[in-house]
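Welcome to this guided tour! Please open your viewer and follow along, one selection at a time.

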Amino acid sequence: MTKVLIATVKPFAPAAVNAIKEIFDKAGYETILLEKYPEQSDFVKAVEDVDALIIRSDKATKEVIDSGKNLKIIVRAGAGYDNIDLEAATDKGVVAMNTPGQNSNAVAELALGMMVYLVRNQFNGTAGTELRGKKLGIHAYGNVGKYVAKIAKGFGMEIYAYDPFIPKETIEKDGVKVLNSVEELYKTCQYISVNIPANEKTKNSINYELLSLMPKGATVVNTARKEVVCEESLLKIFADRNDFKYISDIAPDCKDEIAGKFEGRFFFTPKKMGAQTSEANINAGIAAATQIINYLEKGDKTYQVN
Ligand code: 3PG
């Protein structure tokens, strides 16, 4: 019997687990659930005799991949796959996939929600500011960026984007103004939504030079990965500009220093929660299960990332 492991340190909503199980039951597959596991070694062990694996931000390291004697496919139920050792997967002939777009709306709603929270002074009752009429720069116009733009339009924001991988016309169709460089984006917009993936090129790429270009009231909203923002630069810009604010879905490593020195100018979620909605879990979970069956039964490699 084909065995599928769902390994989630941060579990899916129960409705999503049920939906995934139902799909595998119908296909005659066995579903094994490993949630909130305390040690990485528990994950390594659980992979030993499964054919397929569904993960979230769980670390699919070389050790995990090599442990799976029968492992044929790993699906990251979500967008970012910086948590999968792609080289190890490729070396072992294991297909790695993600489920792009399935949790993007949830992430975008959180981005706007955190922005409102910060501009209203963390709901402390004092007079804050409004988003209406302000310029928002979308740093990478992928699935999340697109939703952020759509929701922010409802707030009456003026939307700009920079994305070298998407044709200008495609972005402009959404009523978004396209800028030609990342520098121009940061120079133009008081608000920046960071939506770039974390990879060797993007890590630490949001640095002091870029941040210092931002106009007065500069606010960066990061729902991507903490690693794309250079922390040394972050501390320096916070110190140099008392108008600078930073919101992030998961705190940077230097969070204590920021909290100690720059009160009221930041907000960090205690646990990464952009994709933590029932809807996002169900969408990504069903997509992952379907992709596994389509690959194992028909060799369909759509969304392969290695
Ligand atoms: C993603 O890359 O899809 C998001 O960051 C969500 O990650 P999560 O599944 O760990 O919440």
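A residue counts as buried when its relative accessible area is under 20%. By that cut-off, buried residues make up 49% of the 306 residues in this protein. Keep in mind that you are looking at a predicted model.

**Stop 1: the surface.** The accessible area comes to about 14400 Å², and carbon and sulfur atoms account for 50% of it. Next, colour the charged side chains: there are 39 positive and 40 negative ones, and the centres of the two sets lie 5 Å apart.

**Stop 2: one residue.** Select Asp-51, in the loop between helix 2 (40-46) and strand 3 (52-55). Is Asp-51 buried or exposed? With a relative accessible area of 13%, Asp-51 is buried, because the cut-off is 20%.

**Stop 3: its neighbours.** Leaving aside residues up to four places away in sequence, Asp-51 touches Met-1, Thr-2, Lys-3, Asn-70, Leu-71, Lys-72 and Ile-73. Zoom in on two of them. The side chain of Lys-72 joins that of Asp-51 in a polar contact of 2.7 Å. For Lys-3, look at the backbone nitrogen instead: it lies 2.8 Å from a polar atom of the Asp-51 side chain.

Note on methods:
Residues numbered from 1 in each chain as written. Predicted model: local features only at pLDDT ≥ 70, side-chain atom pairs only at ≥ 80, totals over all residues. Heavy atoms only, no water. Buried < 20%, exposed > 50% of the residue type's maximum accessible area, 1.4 Å probe, protein only. Areas by Shrake-Rupley, 256 points an atom, 1.4 Å probe, with all protein chains shown as cover. Lys, Arg positive; Asp, Glu negative; His and termini not counted. Charge placed at Lys NZ, Arg CZ, Asp CG, Glu CD. Helix = DSSP H or I, 4+ residues; strand = E, 2+ residues; numbered from the N terminus. Polar contact = N/O pair within 3.5 Å; in protein donor to acceptor, adjacent residues only side chain to side chain. Contact = heavy atoms within 4.5 Å.
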